[in-house]
Structure formats: C-alpha cells, structure tokens
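Here's a protein chain to get to know. Have a look at it, then follow the questions below.

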Amino acid sequence: IIEPLLLGNGHFQFSFTNQSSAIFEVLGTTNMALPQAQWTVLGPPVSLGGGLYRFTDTGAMGQAQRFYILRAQ
C-alpha cells in the first residue's frame, strides 16, 4: 500500500500496485477482532493504469479507526 492519505473531506484514500489482472475488492471494519466474513465490502478500487490502483473510503469520516483488507477475487 502506498500513498495513504486522509482527505480534507474526511475520506481516506490509499493506492497499491499489482501487475496482475486480478479483480479486487476492499473490505473494512472498525473492529479488527471480527471474522473476515463480518467485515463490510466497501467496493472495488479504481484502476489508474500501469498496475496502479486507488481506493477512496467515503465512509471513513467520523471513524476513530478503520481497518482494511484488500482481497483479490
């Protein structure tokens, strides 16, 4: 994960690289102790080309902490 950033509107954004053509989804939770099956699917990252992807969590605003899993489908 590269370029983690808290945006001015309270959204959290991060980027990552992957050279494969895998399809990804991002899961999130505020309770890391929960089993992965109970994490919320937040959606897919956006491909920026050249193996670079970006995800913006619009639900991060007001969260004291948030944990993420990047899962290839």
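Q: Which residue in β2 stands opposite Leu-6?
A: First, a word on the ground rules: this is a predicted model, where local features need pLDDT of at least 70, side-chain atom pairs count only at pLDDT 80 or more, and totals for chains, interfaces and linings use all residues. Residues are numbered from 1 along each chain as its sequence is written, and side-chain values use heavy atoms, with hydrogens and water left out. Strand β1 (residues 2-6) runs antiparallel to β2 and is joined to it by 3 bridges; two strands pair if DSSP finds at least two bridges between them. In β2, the residue opposite Leu-6 is Phe-12.

Q: Which residue in the turn of the β1 and β2 hairpin has a positive phi?
A: The hairpin leaves 5 residues between β1 and β2. In that turn, a positive phi of about 90 degrees belongs to Gly-10.

Q: What is the bridge partner of Thr-17 in β6?
A: β2 also pairs with strand β6 (residues 52-57), in the antiparallel sense and over 6 bridges. Within β6, the partner of Thr-17 is Leu-52.

Q: How many strands does the protein chain have?
A: Helices (H or I, at least four residues) and strands (E, at least two) are DSSP runs, numbered from the N terminus. Along the sequence the pattern reads β-β-β-β-β-β-β. That comes to 0 helices, and the number of strands is 7.

Q: Which residue in β4 is the bridge partner of Leu-27?
A: β3 and β4 are antiparallel and pair over 3 bridges. For Leu-27, the partner in β4 is Val-41.

Q: Is Thr-29 buried or exposed?
A: Thr-29 sits in strand β3 (residues 24-29). The cut-offs are under 20% relative accessible area for buried, over 50% for exposed, and partly exposed in between (1.4 Å probe, protein chains only). Since its relative accessible area is 8%, Thr-29 is buried.

Q: Which residues is Thr-29 in contact with, leaving aside its neighbours within four places in sequence?
A: Contact here means heavy atoms within 4.5 Å. By that rule, Thr-29 touches Leu-34, Trp-39, Arg-66 and Phe-67.

Q: How far is the backbone nitrogen of Asn-31 from a polar atom of the side chain of Thr-29?
A: Here we're looking at one atom of Asn-31's backbone, its nitrogen, and a polar atom in the side chain of Thr-29. The distance between the two is 3.1 Å.

Q: Is Ser-21 buried or exposed?
A: You'll find Ser-21 in the loop between β2 (12-17) and β3. Because its relative accessibility is 73%, Ser-21 counts as exposed.

Q: What is the radius of gyration of the protein chain?
A: This value is taken over C-alpha atoms, and the globule rule is 2.2 Å times the number of residues to the power 0.38. For 73 residues, a compact globule would come out near 11 Å, and the chain's value agrees with that: 12 Å.

Q: What share of the 73 residues in the protein chain is buried?
A: The C-alpha trace spans about 35 × 30 × 15 Å along its principal axes. Out of the 73 residues, the buried share is 27%.

Notes
Polar contact = N/O pair within 3.5 Å; in protein donor to acceptor, adjacent residues only side chain to side chain.
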